[in-house]
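The sheets, the helices and a few backbone details follow in turn.

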Amino acid sequence: MKNTAVAAASLLLLAPLTACGGNAAAGDGSTVTVTVGYQSRTINTVTAGTLLRSLGSFEKELNALGDGKTYKVDWQDYATGAPITAQMTAGKIDIGSMGDFPLLINAARGKQLGKPTHLVSVTGYNLRGGLNTIVTAPDSKLATLTDLRGKKVSTSVGSAADGTLVRALERAGLDPDKDIEKLNQQPAVGASALSAGSADALSQFVAWPGLLTYQGKAKALYDGAELNLPTFHGVTAREDFARQHPTVLEAFLKAQAEATDYLNDHPVDAAEKVAKATGLPAEVVYLYNGAHGISTFDPAIKPQLVAALKDDVAILKSAKLTGDIDVDAFVDDRYAKKALGTSYAQRLAAAPAAAASEVWPKGASATRAFKTPAELLAYVSAHRDGIRAAYVPDATTGTLWFADKAVWVADGDKLLPFVAPATAKAYVAEHGGARVVTYADALERAS
């Protein structure tokens with residue numbers, strides 16, 4: 001074993017420019033292994049992870065380089081961004097994808113340890129913050145954020161979902177450090193805690209809130225889009241890797257763009273592919289990644305997302321997770337601009353799709369869009385046994401949600417859906433005659 005280790009180390013020393021991540025090795029220096037860290041079940045990153053891997057786009061781009069080298073991709077799957085950062089700063093992962101708050105921690109750790117990293121592209125984003133949601137148990141009596149006072153709330157400290165929790169509580173007049181008991185847990189552990197009753201609420205990122213709601217194990221308490229602050233996931237690369245292997249990184253970014261286009265052009269098929277690879281229900285994947293889903297996918301690093309990163313630094317500093325972070329130095333879109341050429345500017349200027357109601361009929365390879373939630377309800381009412389999933393945008397925030405899990409309000413002839421009860425009640429309070437109705441009542445009214 002020792003002789004093998006010494007031999008491997010010698011090979012790495014002899015070929016420092018052909019071996020990328022920590023697992024790379026090459027007998028004659030002609031084989032390059034690129035190590036990619038991703039989060040398969042964090043489906044806001046699929047264009048740099050799950051879907052990209054399924055399509056084989058990165059491998060195709062690498063093979064097309066024509067530089068005489070043989071390329072291999074080592075895909076490493078993690079539950080959160082923290083272990084990806086640890087592996088990157090150890091020189092064992094070349095490219096990784098994670099959420100905005102973990103990206104900042106990635107930047108801070110990289111600088112601290114002398115292993116700088118850079119944000120090189122974006123995967124999925126929501127300009128209002130709808131990727132993060134606070135949920136409670138289905139039978140919970142908690143109806144507003146102020147009801148969380150003195151309660152146990154599970155989240156992953158340092159994640160975007162934790163940032164949403166902190167900001168939401170502060171806006172509601174609660175001290176996130178004193179007025180709740182925060183449980184620092186991985187998403188799966190927090191989901192179990194919510195089901196077991198050892199946590200009163202759960203603040204998490206895509207796809208956990210939608211998954212638990214779809215499964216009937218949770219209901220929404222707070223829609224992160226109420227903050228009206230952008231949240232996103234992105235791709236980070238080691239500075240030394242990017243400098244030594246620019247064409248490899250550019251090949252990755254070209255492949256990511258191809259996966260993005262595939263997702264946007266074939267949203268149902270993409271959802272099915274991601275579902276197959278992750279074990280998540282395709283209906284949940286589509287909620288976030290669909291044609292009018294909560295997430296918009298685009299690799300361009302938009303100015304409003306960079307501005308949001310700068311605002312996020314204060315949250316991490318207050319939690320003593322980082323110090324000051326030079327966001328401008330962390331962001332590096334040179335490789336994406338070179339990889340995507342003139343299309344980069346077009347992607348940079350692109351806007352999210354307009355909100356729309358959608359039905360996914362059983363056995364169909366495409367969804368049907370409707371101009372209003374009422375029209376969707378009328379269709380669902382007439383095809384009750386033929387509906388795989390139905391989605392409606394929150395009347396206030398635009399966040400897409402399952403129609404049968406939404407809070408419905410009847411306002412004259414209008415039927416309006418909301419993700420959370422508090423926003424529905426706020427609408428009712430401002431519109432005389434409006435009232436909350438059940439989903440069954442809404443269907444009846446629309447039929």
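**Cores, sheets and helices**

The largest nonpolar core has 98 residues, and Ile43, Phe58, Leu249 and Phe252 have the most contacts inside it. A nonpolar core here is a set of buried Ala, Val, Leu, Ile, Met, Phe, Trp, Tyr and Cys residues joined through side-chain atoms within 4.5 Å. Buried means under 20% relative accessible area, exposed means over 50%, and partly exposed lies in between (1.4 Å probe, protein chains only). Helix α10 (residues 246-265) gives the most to this core, with nine residues. A second, separate core has 18 residues, including Val359, Ala390, Trp408 and Leu443.

This is a predicted model: local features need pLDDT of at least 70, side-chain atom pairs count only at pLDDT 80 or more, and totals for chains, interfaces and linings use all residues. Residues are numbered from 1 along each chain as its sequence is written, and side-chain values use heavy atoms, with hydrogens and water left out. Helices (H or I, at least four residues) and strands (E, at least two) are DSSP runs, numbered from the N terminus.

Return to Leu249. Leaving aside residues up to four places away in sequence, Leu249 touches Ile95, Val120, Ala237, Phe241, Ala242 and Tyr335. Contact means heavy atoms within 4.5 Å. Ser57 sits in helix α3 (residues 57-63). Ser57 counts as buried because its relative accessibility is 6%.

How do the axes of α10 and α11 meet? The two axes come within 5 Å and cross at roughly 115°, with α11 spanning residues 267-278. Axes are lines fitted to C-alpha atoms, for helices over the stretch in contact, and angles run from 0 to 180 degrees between N-to-C directions. α10 and α11 are therefore roughly perpendicular to each other. Angles of 65 to 115 degrees get that label; those under 35 count as roughly parallel, those over 145 as roughly antiparallel and the rest as oblique. On the α10 side, Tyr262, Leu263, Asn264 and Asp265 make the contact. α11 supplies Pro267, Asp269, Ala270 and Lys273.

Now the sheets. Strands of a sheet pair through backbone hydrogen bonds, either parallel or antiparallel. Two strands pair if DSSP finds at least two bridges between them. Five strands form an open sheet with mixed pairing, in the order β7-β6-β8-β5-β9. β7 (181-184) and β9 (219-223) are the edge strands, each pairing on one side only. Neighbouring strands of this sheet are turned by 30° against each other on average, direction ignored. Four bridges join β5 (residues 132-136) and β9 in the antiparallel sense. Ile134 stands opposite Tyr222 in β9.

Helix α6 (residues 160-171) lies across this sheet, over β5, β6 (152-155), β7, β8 (201-205) and β9, and runs at about 70° to β5. Ten residues of α6 are buried, out of 12, so the helix is largely enclosed by the rest of the structure. Among them are Asp162, Thr164, Leu165 and Arg167. From first C-alpha to last, α6 reaches 16 Å, close to the 16 Å expected at 1.5 Å a residue. That expected span is 1.5 Å times one less than the number of residues. Gly173 follows α6 and has a positive phi near 85°.

A second open sheet has four strands in the order β13-β12-β14-β15, with antiparallel pairing. β13 (368-370) and β15 (400-402) stand at the edges with a single partner strand each, so one side of each is left without a neighbour in the sheet. The twist averages 25° from one strand to the next. Three bridges join β12 (residues 357-361) to β13. Val359, a member of the second core, stands opposite Arg368 in β13.

Strands β16 (residues 407-411) and β17 pair antiparallel over five bridges. Val407 has Phe418 of β17 as its bridge partner. Two residues lie between the strands of this hairpin, where Gly412 takes a positive phi near 65°. Four of the five residues of β17 (residues 414-418) are buried.

Some backbone details remain. The peptide bond from Val206 to Ala207 is cis, with omega near 10°. Ala207 is found in the loop between β8 and α8 (208-214). Asn228 is not a glycine, yet its phi is positive, about 55°. Lys320, also not a glycine, has a positive phi near 60°. Asn228 is partly exposed, at 43% relative accessible area, whereas Lys320 is exposed, at 74%.
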